[in-house]
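Hello,

The structure we talked about is below, with the sequence. My notes on what turned up follow after it.

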Amino acid sequence: MRIPSEGSFTSRLRSAAVAARVGLWLGICFLVALVTGLISHYAQLDHQPAPLPASPSRLYQLTQGLHVVAGTAAIPLLLVKLWVVFPKLFQPMPRQVREALPTALERGSIAVLVSTSLVQLTTGVLNVAQWYPWGFSFRSTHYALAFVAVGALLIHIAVKLPVVRDALTGDVDDTAHDRPNARRPGPVSRRGVMVLAGASALATAFLYTAGTVPNVGRIAALSPRSRKHGIPINRTAHSAGVVAAASSSAYRLEVVHGGTTRSLTRDDLAAMEQRTCTLPIACVEGWSATGDWGGVRLRDLLDLVDAPRGREVRVRSIQTFSASADTVLPPNFADDDRTLLALMLDGETLSMDHGCPVRLIAPDRPGVMQTKWVSRIEVL
Ligand SMILES: Nc1nc2c(c(=O)[nH]1)N[C@H]1C(S)=C(S)[C@@H](COP(=O)(O)O)O[C@H]1N2
Ligand SMILES: [Mo]
């Protein structure tokens, strides 16, 4: 097989004008994904230096939705962008060391940018598919690589800024920065390529996120756990290994503050004042759904053991060895009137798979921290 040369790519669609525009959209997607990703990472810290606000109760759902929109829209944009700049891969290196060194550094940064971007988008999509064919932690890897990608992206933007500025202010059909032999007309116009790239980006994002929107969920083919009604089940009681303990008559919810402990049966909880609240579950694996939750206020339980306001509260599950085995609520969440230990969902007794006998449901938190099958509440 003969390796092609840069000159053998002649389509005028592979132009700086298209690369700059698609690159701009891609850059916006990456920025949105970075900001919303940092919010999500911070929201999952057990002891937040400055707690996030508990209101509005759907803010996390919104930022997480934007994260999925930006990340999935970036997939077709990245593919188009790579196609447009592909010939550059075959550019010869300058012979003089003085020129070769900066070129090598620039190309090195692009290699890092392209490879980390591909890994970020691929692991993100597999995370949404709940398929983890690797041994490393998704969250810490995705988080660390984000900084590598952004560093490489900033270098890339800095190096290309003069060309990018020129290409963006000029007409899309301008050839000023194109390779000399990129003159052959393509099957569509440059505008056509841009429309296709934009439309595929929107379509991909829609197929991944529309499950959140009532009534259109059915046509959201890639939307994970899309369903007709109700809240998806992220992990069943059976697979969590909690069926026996959760359905046992020996089940008790322990509320602990210092030396004081109160043990409550499900009936004790049902006899307390019941509240209802409409709150979403916003899963970090790319879906969200809203339910009407009924149950006991966490604050009412804390009052049973005379816990003062302003304390962090640890909530534990019957289930051990899981990322959701326990979570720490910052004081503003623990004392919030909407934070419930739910016994009911949409007017019916909470099902075993949704966390029966009781589950935590708090406003504006990542789904992974909405602990199911709660067995212990501990004032810290
Ligand atoms: N004990 C326990 N709680 C858990 C989980 C779990 O695996 N074990 N999964 C969490 C995740 S990742 C999400 S998104 C929500 C999903 O709640 P649902 O299954 O009722 O929809 O529960 C959370 N609570
Ligand atoms: Mo989740």
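This is a predicted model: local features need pLDDT of at least 70, side-chain atom pairs count only at pLDDT 80 or more; totals for chains, interfaces and linings use all residues.

As for the division itself, domain 1 runs over residues 6-219 and domain 2 over residues 237-379. Their C-alpha centres are 39 Å apart. In terms of contacts, 26 residues of domain 1 meet 27 residues of domain 2. The size of an interface is often given as the accessible area lost when the parts come together. For domain 1 and domain 2 the buried area is about 2,000 Å², and carbon and sulfur atoms give 47% of it.

Now the ligand. Ligand 1 is surrounded by 19 residues, and the closest are Pro232, Gln319, His354, Arg359 and Lys372. By class, this shell consists of eight nonpolar, eight polar and three charged residues.

- Lys372: a polar side-chain atom at 2.6 Å from an oxygen atom of ligand 1.
- Arg359: a polar side-chain atom at 2.7 Å from an oxygen atom of ligand 1.
- Asn234: a backbone N or O atom at 2.8 Å from an oxygen atom of ligand 1.

On its own, ligand 1 has 530 Å² of accessible area, and the protein covers 97% of that.

Regards

Conventions. Residues are numbered from 1 along each chain as its sequence is written. Chains are lettered from A and ligands numbered from 1 in the order in which they are written. Side-chain values use heavy atoms; hydrogens and water are left out. A residue is near a molecule or strand if one of its heavy atoms lies within 4 Å of it. A polar contact is a pair of N or O atoms within 3.5 Å; within protein, one must be able to donate a hydrogen and the other to accept it, and residues adjacent in sequence count only if both atoms are side-chain atoms. Accessible areas come from the Shrake-Rupley method with a 1.4 Å probe; for residues, only the protein chains shown count as cover. Ala, Val, Leu, Ile, Met, Phe, Trp, Tyr, Cys and Pro count as nonpolar, Asp, Glu, Lys and Arg as charged, and the others, Gly among them, as polar. Domain bounds come from an automatic or database domain assignment. Contact means heavy atoms within 4.5 Å. Buried area is the accessible area (1.4 Å probe) that two parts lose on being put together, summed over both.
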